[in-house]
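Subject: Handover of a structure and findings

Dear colleague,

Please find the structure below, together with its sequence. The findings follow directly after it, and I would be grateful if you would read them with the model open.

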Amino acid sequence: MSSNKMDRRKFMKNVSATVLGIATIPWLEGTSFGKSEQGAKVEQRTLGKTGLKVTSVSMGVMNCSDPAVLQRAFDLGINFYDTADCYMGGRNEELVGKAFEGKRQQVFIQTKVHDGDEKKMRASVERSLRRLRTEYIDVLIWHNFNSTKEVSDPKLFEFMTKMKKEGKARFTGFSSHSNMASLLKEASQSNQHDVALVSYNFTHSKNLKEAVALAAKSGIGIVAMKTQSGGYKKEKMGGLNPHQAALKYVLTDQNVSCAVPGVTTVEEIEECAAVMRTLLTEQNIDELKRYHGFLRGRICTFCGGCSGECSYGVAHQDLLRVVAYHEGYGEDRLIREALEDKELAKNIQLCSDCSSCSVVCRRGLDVKAQMKVVQTLLRPS
Ligand code: SF4
Ligand code: SF4
């Protein structure tokens with residue numbers, strides 16, 4: 001046995017011992033730390049049954065408006081880009097389309113569509129194709145599922161099948177920020193999805209990790225988002241910089257095909273790309289613990305601990321996400337975009353009429369108080 005292997009084994013034992021019993025980093029125990037390959041620039045993993053070879057660190061374009069960032073990502077070898085019809089009122093797709101015109105064969109583009117009647121959904125896909133300057137979308141995602149019913153909805157499946165047959169989408173799937181474990185379990189059985197884009201980070205439970213494993217085993221390609229949980233800039237965290245540690249952490253799960261951290265600057269994409277083929281270290285774990293402490297009581301980390309607890313069936317994590325966008329990303333544009341979601345508006349009303357909140361946050365968040373913040377943020381001006 002090489003000393004290198006011995007060191008790694010010893011390190012894992014130590015880390016497991018350190019972390020055992022500490023609820024803040026839930027699934028590190030038994031985690032495979034992978035291999036560090038010196039000199040290799042990028043790591044590619046297979047995106048489930050799609051067979052696409054995607055870079056383990058890919059790019060969430062959502063908040064980016066600078067073409068230089070996409071150019072830099074491409075130069076770094078990153079080949080998978082996640083956008084959506086609704087980001088920046090369509091300008092985000094336009095940015096992606098322009099950046100990869102003439103390079104279309106070298107990248108994979110994932111975009112999204114919202115539930116609606118067929119005419120509306122078709123129009124949305126056509127708009128996406130025009131903005132993306134392409135004839136096909138590599139992965140077309142249903143935006144933001146909350147319930148298992150949506151995962152197996154035959155109407156949605158029928159539409160996605162049509163998109164594939166017409167050559168508009170090569171592969172299809174869904175995204176979710178809440179109730180992810182149940183959704184992934186349902187998707188593993190329904191056999192209707194090629195890809196799942198789920199919120200997945202170091203705050204999440206082992207239950208979600210097991211659901212990710214189950215979905216991956218059934219052939220679903222797992223794309224992890226919200227990997228850094230919060231989007232806080234270094235300055236706001238008093239110099240703490242846990243972003244690489246958080247990204248490394250989620251990639252230790254080999255059932256994750258790729259992560260799509262949302263980046264806005266060249267510096268950030270370089271920082272993220274550098275994570276590929278590196279090892280999680282003891283210092284990283286320490287950073288994550290401190291970051292977890294920083295997040296406690298500030299924003300929802302989408303850990304899933306309180307899924308389904310609202311007595312009125314409100315997808316409350318979608319509302320808490322608005323506060324996180326405001327607090328962490330500092331992106332009021334996302335809040336304005338959220339206002340366009342009719343379901344969200346209905347839920348805000350339900351919360352404002354509700355006298356006592358039945359949701360208990362496992363992370364010390366005052367959910368009712370956060371709901372009040374949401375109401376202030378989403379009040380039309
Ligand atoms: S305030 Fe009431 S309606 Fe809103 S999440 Fe809490 S229990 Fe549900
Ligand atoms: S409100 Fe708290 S328990 Fe619920 S998902 Fe967010 S962080 Fe987890």
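Two residues are taken to be in contact when heavy atoms of theirs lie within 4.5 Å. Please also keep in mind that this is a predicted model.

I begin with K112, a residue of strand β5, which spans residues 108–113. Buried here means under 20% relative accessible area. K112 has a relative accessible area of 2%, and therefore it counts as buried. Setting aside neighbours within four places in sequence, K112 is in contact with D82, T83, A84, D85, Y87, S124, S128, L140, I141, H143 and L197. Two of these residues also meet K112 through polar contacts between side chains: D82 at 3.0 Å and Y87 at 3.1 Å.

The next site is C64, in the loop between β3 (59–60) and α2 (67–75). Its relative accessibility is 0%, so C64 is buried. Apart from residues up to four places away in sequence, C64 touches M59, V69, M88, N92, L95, V263 and T264. From C64 to T83 the separation is 19 residues in sequence and 9.8 Å in space, C-alpha to C-alpha.

Most residues other than glycine have a negative phi. M88 is not a glycine, yet its phi is positive, at about 55°. M88 is found in the loop between β4 (80–82) and α3, and it is buried because its relative accessibility is 8%. K226 likewise is not a glycine and has a positive phi, of about 50°. K226 sits in the loop between β9 (221–225) and α9 (243–251). With a relative accessibility of 12%, K226 is buried as well.

A further loop, between β8 (195–199) and α8 (206–217), holds N201. The relative accessible area of N201 is 0%, which means that this residue is buried. Its side chain makes a polar contact of 2.5 Å with the side chain of T203.

Turning to the helices, how do α3 and α4 cross? The axes of α3 (residues 91–99) and α4 (residues 118–132) come within 7 Å, and the crossing angle is roughly 45°. That angle is why α3 is described as oblique to α4. On the α3 side the contact is made by E93, E94, V96 and G97, and on the α4 side by R127, S128, R131 and L132. By class, the residues of this contact comprise 4 charged, 2 polar and 2 nonpolar.

Finally, I come to the ligands. Which residues surround ligand 1? They are C310, Y312, V314, H316, C351, C354, C357, S358, K368 and M371. This shell has 7 nonpolar residues, 2 polar and 1 charged.

Around ligand 2 are C300, T301, F302, C303, G304, G305, C306, Q317, L320, C361, R362 and R363. The shell of ligand 2 divides into 6 nonpolar, 4 polar and 2 charged residues.

Yours sincerely

Notes. Residues numbered from 1 in each chain as written. Chains lettered and ligands numbered in written order. Predicted model: local features only at pLDDT ≥ 70, side-chain atom pairs only at ≥ 80, totals over all residues. Heavy atoms only, no water. Axes fitted to C-alpha atoms, helices over the stretch in contact; angles between N-to-C directions. Helix = DSSP H or I, 4+ residues; strand = E, 2+ residues; numbered from the N terminus. Parallel < 35°, antiparallel > 145°, perpendicular 65-115°, else oblique. Nonpolar A, V, L, I, M, F, W, Y, C, P; charged D, E, K, R; others polar. Near = heavy atom within 4 Å. Buried < 20%, exposed > 50% of the residue type's maximum accessible area, 1.4 Å probe, protein only. Polar contact = N/O pair within 3.5 Å; in protein donor to acceptor, adjacent residues only side chain to side chain.
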